[in-house]
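User: Please go through the strand pairing in this structure with me.

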Amino acid sequence: MRIVARRLGLYLLTAWVAVTANFILPRLMPGNPVQTLIGKITSQVTPAEIRAIRLSFGLGFKEGLVAQYFTYLGQLFHGNLGVSITLGAPVSSILRESVPWTIGLIGISTVVSFVVGTVAGAMLGWTRGSRFDSLIPTATFFQAVPYFFLGTVMLLVFGSNLHWFPVLGAYSQGATPGWNWSFVASVIRYGELPVISIILSSVAGWMLGMRNMMITMVGEDFVLMAVAKGLPRRKVIMHAARNAVLPSIANLSLAIGLVVSGALLVELVFNYPGVGDLLLQAVLNEDYPLIQGIFLVITLTVLAANLIADVVYLVLDPRTRSEAAV
Amino acid sequence: MSATIPREHEPTALDDGVTASTGAARGVARREPVLEIDHFSVDYGVGENMVRAVSDVTLRLERSRVLGIAGESGSGKSTLVYAMTRLLRSPGLISGGEVTLHVTDEAGTVTPVNLVSATESELRKVRWSHVSIVLQSALSALNPVLRIGREFDEVLKTHRRHLTKAQRRARAVELLRMVGLNEDRLDRYPHELSGGQRQRVMIAVALALDPELVIMDEPTTALDVVTQREIISELGALRAQFGFAMIFITHDLSLLVELADEIAVMYAGSIVERAGARELYEAPRHPYTLGLLHSFPPLHGERRELTGIPGTPPDLADPPTGCSFAPRCAFAMDRCANDKPSLVEVGDTGRSVACWLFDDASGSRVPVALSRVPSRAATTKGET
């Protein structure tokens, strides 16, 4: 438990650094968002309006940088991330709408891809040299194809031409958002093609990683001992797989951390209303509060995912416990 | 763990087809065998690149006896035991011979099991219940992410299905006590134990199902000398208590003489000498055995000059035509380079040597170093 607490402390420190960087970086940039915004307004701008804009960005106050920083921390603590310039809504409520879509789509695909790839990799590693080895080049091919190409082709072939899957958006126009069956069914139906495309393009990594670790593990003495003990084949494989999966778990944490940000291409190809799509819009429109808010969410997800992975790793590999205690 | 070890006062426990008739003639009651290895050969690879790692080995181990197999690295001693228990990995391949394990079931009925032709499911029944193995490195033999208790639990759960969880735990505690470890070790992970403790755990796990045969593949090589001695004496006591037979592999002959009833010395995949432990130790007959004895300091007794053996073992991919030890042998004769000597009985104590020096027909004179007479203590196997 002490180790977990120490890790937690370390992550809090990292989070503080990230939050602070998020505060400082925009202030180091040349120009300021007010200028940008004024530039966007085509009609005449009165000094009063400029003052109002400055105030809304927290620039009108005659506070020093330190005081500004504490105001920023306080606002952040209350979930106030400012107001989006282009969308005119609070950044926090915009994020609340788009983050679940991304986590749902990319999160589920990542986990399914990890499970499928790891199980397949374990079997491939165990039966090395069998005819199933031909799965590897096939899977690697799909990972090697650029995702936007793979996604577009799938969308065209299975969506537009064959009409096996619905295209564009996250749910059908007829469904009313909420916890009702027709909406949930529609979300699942619309999610199928993007999920399949993500799994197809990412499963090879999990598979290869697990297979290679598995081959190493099969040569270990404790696997030989498991055979010598007369254990059923399934248990022998588990002995090897239990150890082989550790590096994959570490990679999974990184992958999950990138879920929120790594969705850009998927969301563009499938016109999915997630964070990636939002970030692109924000960058194109130079919507600083929104960019800042998204970055903050991404940073915190990466940190949270790493923390979870650390804890899981501590549970799975007892050796890390004593090393951490040294 | 200081129990006196009752030893059989027979000069030999190990016979094969060659010596069987003489054994009977001597009036020695032959005990029931637990393991019979018959003209057993093991290759690595096939075709052009084939390497014969074990060639034509015949051995017989009787119940509750200890057979030591000695030889330097690459002599085929580990390959022999892994192949005969069917644990040898690809590209290792059994190329000939039979291995018969005499399995005693709970009712006391003895059934011979042909290990070479046994199917996977037949092997699973025999494994650990009747043959268990202790490896050189306990650290790598124990799964690093599992608690020690799981090692016991898993074996008992697989082979003793009627035991409850509490009973399995109780058995594990009992086994740990047997090897002098506290039960709190059950909740530890392998990396939290010392080398000696880990090897004790392995020994306890090996004895969990009361097997007839325990194979020890250099179990003490990775340990310091003090721990080595402790474990050897514990093994002796455990064997006296439970009566399992043991095959003990090592390159340290002085260690073997403490524990083994019989020693087989392997060189380049073949057995070159086989004799009672003390006899072999005190009066080696094969030049290679002599060389091995001069490579290790004795644990006690007279000090010997350590000389080692010049040269290196032969390349098994291209073995010499004659005696494989001839290029390194101080006593090599002309015929050694051309004819391969076979293992034949020498003298009347059931020992066998594969060396032309002891071929009566050759008329060669046996060197002084190889004609020492074993002490009375050796022939009667007195305990020190």
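**Sheet pairing in chain B**

User: How many bridges join strand S3 (residues 66–70) of chain B to strand S8 (residues 245–250) of chain B?

Analyst: This is a predicted model, in which local features need pLDDT of at least 70, side-chain atom pairs count only at pLDDT 80 or more, and totals for chains, interfaces and linings use all residues. Residues are numbered from 1 along each chain as its sequence is written, with chains lettered from A and ligands numbered from 1 in the order in which they are written. Strands (E, at least two residues) are DSSP runs numbered from the N terminus, and two of them pair if DSSP finds at least two bridges between them. S3(B) and S8(B) run parallel, and the number of bridges joining them is 5.

User: Which residue of S8(B) is the bridge partner of Ile69(B)?

Analyst: Ile69(B) also stands opposite Ala264(B) in S9(B), a strand that runs parallel to S3(B) and is joined to it by 4 bridges. In S8(B), the partner is Ile249(B).

User: Why is strand S9 (residues 262–267) of chain B largely enclosed by the rest of the structure?

Analyst: A residue is buried if 20 or more other C-beta atoms, placed from the backbone, lie within 10 Å of its own. Glu262(B), Ala264(B) and Met266(B) point one way from S9(B), while Ile263(B), Val265(B) and Tyr267(B) point the other way. S9(B) is largely enclosed because the number of its residues that are buried is 6 of the 6.

How values were computed:
A residue is buried if 20 or more other C-beta atoms lie within 10 Å of its own, exposed if 12 or fewer, and partly exposed in between; C-beta atoms are placed from the backbone.
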